[in-house]
Each structure stands twice: as C-alpha cells, then as structure tokens.
Amino acid sequence: MNPEAAGPTLLLINPWIYDFAAYDFFARPLGLLYLAGFLKARGYAVHLVDCLDTDHARPGPFGTGRYPKVILPAPAALRDIPRRYGRYGISETDFQAHLARLPQPAAILVTSLMTYWYPGVTAIIRLVRERFPRTPVILGGTYATLCPEHARQFSGADLVVTGPGEDAIIKSLENLGLPPSSDRTATPLLTYPALHLLSHLSYIPILTSRGCPLECSYCASRLLMPRYRRRSPGEAVEELEFWRERLGLEDVAFYDDALLVDAPSHLLVILEELERRGLRFRFHTPNGLHARFITREVAHRLKGSGFNTLRVGVETTALGEARLDRKLAAGDLEAAIAYLTEAGFRREEMGVYLLLGLPHQDEEALLASIRRVRELGATPVLAQYSPIPGTVLWPEAVKCSRYDLEAEPLFHNNSLFPCWPEFSWELFNHIKRLAEAKEL
Ligand code: B12
Ligand code: SF4
C-alpha cells in the first residue's frame, strides 16, 4: 500500500481464490498492477490490497508455493464434490486490518481471474461495501470479461467493465466525476506495472506482448485481448533492467500468450540485448511455449540465456484426431524436444502441458500422448480443461457436460472435469500416475 500522489484516492483489490485447489505458480495480479501503474501515472493516489500477497504455507522454488488455505463449506452447487473447498490467501482479519488503515477511497477497483473464482470477488465486494458503503465499486478482469451478465447480476459491483481496462477505467472514473489530474505519463517508467506495491515478490512478472495471433478452440485469449500486440524488444529490456535495479530481482516469469511468435525479431533480440548489457536473469514460462516455434536456434538461445522452468503447450499429441489447437503440426513436438535436449535441457526441466478432460477426448489418445512425451525425453504435465464461455469449443462443452455450465460459472472449475462424462477418480488417478511415471 503506497499512494505517492495527490489526485483522487483509489483502492485496487485482488480478491481471494475460492477453490478446491490453488497453487501459486508464478501468479501475480499483473493486469491489476498494470492498471495501478497506469492510474498512478495519471495522478491518482493508488492503494493496493492483494489478498494473495502473503507468505506461502509451503514455499516452493523461485517464489512459487502453496497458498495458506482456510477450509470453508463449498457453495451448494459444489456440495457433492468429495474434495475440500476453501479460501486461499490472507486471513479475513488481515484483510479487515488493511481496510482499517486506508483513507476513504473515491472508488474501489476489483480484479478477477478464473470465472469459477467469482465467490472471492463477491466476498470482497461485500466486505468493502460494509466498510465503505457509499464508495462505487468497479469490477474488471477475466471473470468480468467472460461472464459479464453473471457478474452484473451477482458480484455486487456498481459497474462491470469488460476487456483491457486502461481506457475503460479512465472513462468510468470520469463518469463518476473523478477525472485524472494528469493526462500523460510523466516518464515511461510510470506506465510499468506497479510491482513495488507488492510485499512478497521474488521474480518479475512481465508481458512482452498482449494477446495471441492464433485461435485455439478452447482458449479465451482473443476474447480477453482481441488484437495481438507486441512491445518493442528495447522496451521490454528497459523494463527488466529497471526492475532489476529497483527491486534487485533475478527471476523473471513471462505471462505472454505467444512469447515465441516471430522469435528472431522479438524474444531473441530481447535476450541478445540483455546479454550485451551484461544482465543475467533466470527465466520461467509458466504459461507455455509454442512447440512449433522452438527451432534449434531458439532452443540454444533459451538455454544460453538462463531459461529454467520450461512449459511447452501441446495439449494433445494424438495427430489422428481433429485438432483443437492451432499451434502444432506433425513432427513439431518431436523436433522441439530434440532441439531442447540438444541444447542441454533435462527431462525435468521440459514440462509438456497435455489437456485432460476435453469434450469427447479419447482416453487412449491421451495415454498415448503421455507415453509419447516421456519417450521423447520430456515430462508430461496434465492441465485440466476449464470450459470458457465464448470460445469455439464452448457449445460442445455445454452439450457434453453433466453440469449446467451456462447458468453457473462454478461448474467451469477444472477440478470437476465438467466436460468428461466418463470421469471417475480411479481413471483420473491412473492417468495421473502414468503422467508422473509411477505406472508404465
Ligand atoms: C498468466 C496466466 C496464468 C498464470 C497466473 C495468472 C495470475 N495472475 O494469477 C498461471 C500460469 C498460474 C495460470 C494458471 C491457470 N490458468 Co491462466 N492464464 C494466464 C493468462 C495467460 C494471462 C493472465 C494475465 O495476467 N494477463 C495479463 C493482464 C495484463 O491482463 P488481465 O489480467 O486480463 O488484465 C487486464 C484486463 O482484464 C483489465 N482488468 C483487470 N482487472 C481489472 C479491474 C478493473 C476494475 C478494470 C476496469 C479492468 C481490469 O485490465 C487489465 C489490463 O488491460 C490468461 C490468458 C489471458 N490472455 O489473459 C490465462 C487464463 C486466465 N487462465 C486460464 C486457465 C484455464 C488456467 C488454469 C486452470 C490452467 C490449467 N488447466 O491448469 C490454471 C489455474 C490455476 C489454478 N487453479 O491455480 C483461463 C481462464 C479459465 C476460466 N474459466 O476463467 C485463461 C483465460 C486462459 C485460457 N485458457 O483461455 N494462468
Ligand atoms: S496458441 Fe495458446 S494462447 Fe494462442 S490461441 Fe492457442 S492456446 Fe490460446
């Protein structure tokens, strides 16, 4: 929490997660932090309360780890799920203590991520309303964009804003009689995400691009960011250098949807420039890299530049079935893993995401994918499919689900395997053991 400006006071909040499972795998509320930096640059006094900014219950490597969890009764719709539901993040007492220390804000801006995490959003909005009953509450982010009608009906916010928030938030604040006191950024630094507002940060979360030029049928990238845009390599380098100097951080997590698109004129230029400036980082790609763009040159450059936690987005290697993603052709994965291995990446450093629980997924094909990834010398990482409204696959997901996905976003939760009619815990555990190499 750190205002540093004299314009209208805004309170920005990243809510708790309510779920059966949540792990902090390089997860920081980057969208909200971007808005914080953007609003500060326009003269607003910005306070941040991040309900996930806390010590981990069990720390993992590089600042990842298990969030503290309080077990709570599951919402009625999820009562029959035999898993422990709960709230992840800071305690409610700590949240109230944060609120108690704040000055009266002129507006409250709440972000949202997974559609099925909306109970965290509603809980936060209820609490801030108790504390600041007359302050308008504006909701934005992923849930707000993908389920705007649901959010308008149930979140308790006065206003629900969809899509990228920068322009929209200024308009909304102007409508509330809270215009910016400065209409331009004084220095480029001020448009960076306000990372320094976080108290637990051991890596730099960064976006060198927004959106994705591809359109996989299960993915929401286009709905969230309709146009693919890239920053100049120089800008990304400047930002990394800035945070390195200001916060002394050496780890970097890329949040890009499409980090390797046109790598020779983008990522590779960034990496070369960092090398030229003598800036060495450890890089992590929690969000998955496109296998088809991993050429020999790219693989060697990634290794030479300190890429560490590699995740390659593949989803399924069953080349006989109708392809749901647009990022892979026959032979792409084989070539990518071969180049990465040649460059020196070890099996445990190369995680390959495989989607589990897709509509009409052929289990044999999935098992074959798992075996294939292991044969190739990489590690299969199961990613459980979450159906997303507005995607190409959504109508099929709705049709084949045993839940009413359209009425209730809680059913989008990937822990339910909502689009896998034959789901059973035995089958899931079998597949998981196979992926973890406990069964062959
Ligand atoms: C990075 C990322 C992650 C990171 C962590 C993200 C985090 N911050 O916590 C990691 C790798 C951990 C992750 C995990 C998962 N993710 Co993810 N992730 C993303 C990703 C690629 C980017 C999010 C991001 O930071 N964007 C960048 C910022 C700048 O954008 P933004 O947050 O949207 O913010 C802008 C606007 O929304 C708006 N805004 C935001 N807040 C506010 C507030 C106000 C008031 C206003 C006005 C505007 C506003 O303005 C911001 C700036 O323009 C998105 C896809 C995407 N392209 O967005 C998927 C996405 C959110 N993830 C998704 C999924 C499915 C998952 C997983 C379930 C994957 C899996 N199968 O394991 C897991 C779940 C994790 C768990 N259960 O713990 C889905 C969402 C599914 C759903 N039903 O909601 C998405 C949409 C990807 C997809 N498949 O299409 N994810
Ligand atoms: S390549 Fe990745 S980010 Fe792009 S549309 Fe496909 S799944 Fe989404």
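These are my notebook entries on what I looked up in this predicted model.

**Entry 1**

I began with strand E9, residues 107-110.

I then looked up the neighbours of E9. Strand E1 (residues 9-14) runs parallel to E9 and is joined to it by four bridges. Leu11 has Ile108 of E9 as its bridge partner. Strand E10 (residues 137-139) also runs parallel to E9, with three bridges between the two. There, Leu109 is partnered by Ile138 of E10.

**Entry 2. The three-stranded sheet**

Next I looked at an open sheet of three strands, with the order E3-E6-E5 and antiparallel pairing. Which strands stand at the edges? They are E3 (23-24) and E5 (58-59); each has a single partner strand, so one side of each is left without a neighbour in the sheet. E3 pairs with E6 (residues 65-66) over two bridges, in the antiparallel sense. For Asp24, the bridge partner in E6 is Gly65.

**Entry 3. The second largest pocket**

I put the volume of the second largest pocket down as about 550 Å³. Its lining is made of 19 residues, and those nearest the centre are Tyr34, Glu166, Arg210, Arg229 and Arg231. Two or more lining residues come from each of helix H1 (30-41), helix H6 (165-175), strand E14 (229-230) and helix H8 (233-247). By class, I noted nine nonpolar, nine charged and one polar residue in this lining.

**Entry 4. The largest cavity**

How many cavities of 30 Å³ or more are there? The count is one. The largest cavity has a volume of about 30 Å³. Its lining consists of Phe254, Asp256, Leu259, Thr285, Asn287, Gly288 and Leu289. I sorted these by class as three nonpolar, three polar and one charged.

**Entry 5. His266**

His266 sits in the loop between strand E15 (251-254) and helix H9 (267-276). Is His266 buried or exposed? Its relative accessible area is 1%, so I recorded it as buried. Leaving out residues up to four places away in sequence, His266 touches Thr208, Arg230, Arg231, Pro233, Leu259 and Val261.

**Entry 6. Salt bridges**

I searched the whole structure for salt bridges and the search gave 24.

Glu241 and Arg277 form one, with the closest N and O atoms 2.5 Å apart. Glu241 is in helix H8 and Arg277 is in the loop between H9 and strand E16 (282-284), so to speak distant parts of the chain, 36 residues apart. Arg277 is partly exposed, at a relative accessible area of 29%.Both residues also belong to a network of salt bridges made up of Glu238, Glu241, Glu273, Arg276 and Arg277.

Arg282 forms a salt bridge with Asp251, the closest N and O atoms being 2.7 Å apart. Arg282 lies in E16 and Asp251 in E15, so the pair ties together parts that are 31 residues apart in sequence. Which of the two is buried and which is partly exposed? Asp251 counts as buried at 5% relative accessibility, whereas Arg282 counts as partly exposed at 35%.

Glu272 pairs with Arg301, and here the closest N and O atoms are 3.7 Å apart. Glu272 is in helix H9 and Arg301 is in helix H10 (residues 296-304), 29 residues apart. Glu272 has a relative accessible area of 39% and is partly exposed.

**Entry 7. Ser199**

Last, I located Ser199 in the loop between H6 and strand E12 (203-206). Ser199 is exposed, because its relative accessible area of 58% is over the 50% limit. I also checked its separation from Arg66: 133 residues in sequence and 17 Å in space, C-alpha to C-alpha.

Conventions: Residues are numbered from 1 along each chain as its sequence is written. Chains are lettered from A and ligands numbered from 1 in the order in which they are written. This is a predicted model: local features need pLDDT of at least 70, side-chain atom pairs count only at pLDDT 80 or more; totals for chains, interfaces and linings use all residues. Side-chain values use heavy atoms; hydrogens and water are left out. On a 1 Å grid over the protein atoms alone, a cavity is a set of points where a 1.4 Å probe fits but cannot get out, and a pocket is an open set with protein on both sides within 12 Å along at least five of seven lines; lining residues have an atom within 4 Å of a point. Grid points are joined across faces, edges and corners, and a volume is the space filled by probe spheres set on the points. Ala, Val, Leu, Ile, Met, Phe, Trp, Tyr, Cys and Pro count as nonpolar, Asp, Glu, Lys and Arg as charged, and the others, Gly among them, as polar. Buried means under 20% relative accessible area, exposed over 50%, partly exposed in between (1.4 Å probe, protein chains only). Contact means heavy atoms within 4.5 Å. Two strands pair if DSSP finds at least two bridges between them. A salt bridge is a side-chain nitrogen of Lys or Arg within 4 Å of a carboxyl oxygen of Asp or Glu.
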